Amino acid sequence: MTRELRSALIGAAVAFAILAAGFFLIRSYVKSAFAPDPTVIASATLQGMREQNRLSAFAASFVAVVTSEQSRLGLSARKTLIMPGTVRYDVDLGKLGPEDVRWDAGRKTLTVTLPPVELDGPNVDLNAVRQYDGGGLLMRFTNAGEVLDAANRKAAQAELLRQARSPTPMRIAREATRKAVERNFALPLKAAGLDARVEVRFPDENRSSEQMDRSTPLEEAIRP
């Protein structure tokens with residue numbers, strides 16, 4: 001191989017190496033410059049969710065059975081009320097702010113802290129209400145019937161709410177709400193081709209201080 005040919009080959013190899021390095025540098029720059037920003041996507045999702053105002057991801061039906069009694073003039077009256085009702089479990093998305101959405105770049109995790117679950121209701125099915133009474137004379141000649149009805153209605157409403165606030169339906173409502181919010185934030189991130197996790201929490205759930213230190217509130221993350 002002549003010296004001229006050897007020099008030409010070496011020059012071509014160097015030129016190819018320079019071109020290859022330039023190509024990879026340009027591709028990396030374009031990829032970083034035009035890569036979707038998870039904080040921008042999360043901010044747009046947050047705005048859309050706030051416009052929904054309230055999220056109701058779960059509803060449950062309960063039945064209250066209450067009895068009231070009254071005695072007057074040696075007579076007694078008794079009424080039993082069976083009242084079915086439905087309670088919705090809502091989250092006020094209007095209370096969700098940028099400070100409640102945090103991005104942890106190291107873990108590639110978006111953490112959303114929701115407002116507490118609120119109960120809406122009970123909504124009573126009046127057609128399904130049933131009453132049973134005893135003590136006709138007292139209710140016939142006094143207002144005992146109206147008094148017992150009022151007491152039963154108040155007690156039944158309280159009983160429906162007591163059942164609705166019990167641990168099992170509250171846990172189911174939280175999980176349903178958590179999944180709905182996770183899905184709303186995760187779908188746009190996935191559609192943009194981002195490998196990111198979404199974790200949804202409630203205010204009374206523990207969050208490690210280490211994770212809090214690593215994550216950045218959304219309003220700071222998207223600040224220019």
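How many residues does helix H4 have, and how far does helix H4 reach from its first C-alpha to its last? Helix H4 (residues 144-164) has 21 residues and reaches 30 Å. That is close to the 30 Å expected at 1.5 Å a residue. The expected span is 1.5 Å times one less than the number of residues in the helix.

The model is predicted: local features need pLDDT of at least 70, side-chain atom pairs count only at pLDDT 80 or more, and totals for chains, interfaces and linings use all residues. Residues are numbered from 1 along each chain as its sequence is written, and side-chain values use heavy atoms, with hydrogens and water left out.

The secondary structure of the protein chain comes to seven helices and eight strands. Helices (H or I, at least four residues) and strands (E, at least two) are DSSP runs, numbered from the N terminus. Of the 224 residues, 32% count as buried. Buried means under 20% relative accessible area, exposed means over 50%, and partly exposed lies in between (1.4 Å probe, protein chains only). The chain exposes about 13900 Å², and carbon and sulfur atoms supply 56% of this area. Accessible areas come from the Shrake-Rupley method with a 1.4 Å probe; for residues, only the protein chains shown count as cover. Contact means heavy atoms within 4.5 Å. Among contacts between residues at least 6 apart in sequence, 80% join residues at least 24 apart.

The interior comes next. A nonpolar core is a set of buried Ala, Val, Leu, Ile, Met, Phe, Trp, Tyr and Cys residues joined through side-chain atoms within 4.5 Å. The largest such core has 34 residues. Phe62, Tyr89, Leu110, Val112, Leu114, Val181 and Phe185 have the most contacts inside this core. At least two core residues come from each of several elements, including helix H2 (38-52), strand E2 (75-92), H4 and helix H5 (167-191). The largest share, six residues, comes from E1. A second, separate core has five residues, among them Ala77, Leu138, Met139 and Leu148.

Leaving aside neighbours within four places in sequence, Val112 is in contact with Leu96, Asp100, Val101, Val181, Phe185, Glu199, Val200 and Arg201.

Helix H4 also has buried residues. They include Ala144, Gly145, Leu148, Asp149, Asn152, Ala156, Leu160 and Leu161. An α-helix has 3.6 residues a turn, so residues three or four places apart point the same way. Asn152, found in helix H4, has a relative accessible area of 0%. Not counting residues up to four places away in sequence, Asn152 touches Val66, Thr67, Ser68, Lys79, Thr80 and Leu81.

Leu137 is found in helix H3 (residues 136-141).

Charged pairs come last. Side chains of opposite charge can pair when their charged atoms come close. The structure holds 17 salt bridges. A salt bridge is a side-chain nitrogen of Lys or Arg within 4 Å of a carboxyl oxygen of Asp or Glu. Arg54 forms a salt bridge with Asp90, with the closest N and O atoms 3.5 Å apart. This pair links strand E1 to strand E2, 36 residues apart. Arg54 is partly exposed at 34% relative accessibility, whereas Asp90 is buried at 1%. Arg54 also forms a salt bridge with Glu118, at 2.7 Å between the closest N and O atoms. Here Glu118 lies in strand E5 (residues 118-124), and the two residues are 64 apart. Glu118 is partly exposed at 26% relative accessibility.

These residues belong to a network of salt bridges that links Arg54, Arg88, Asp90, Asp92, Lys95, Glu118 and Asp120. Lys95 is found in the loop between E2 and E3. Lys95 touches Asp100, Pro115 and Glu118, not counting residues up to four places away in sequence. The C-alpha atoms of Lys95 and Pro116 are separated by 9.9 Å.

Another salt bridge joins Glu205 and Arg174 (3.5 Å, N to O). Glu205 lies in the loop between E7 and helix H6 (209-214) and Arg174 in helix H5, so the pair ties together parts 31 residues apart in sequence. Glu205 is partly exposed, at 26%, and Arg174 is partly exposed, at 22%.
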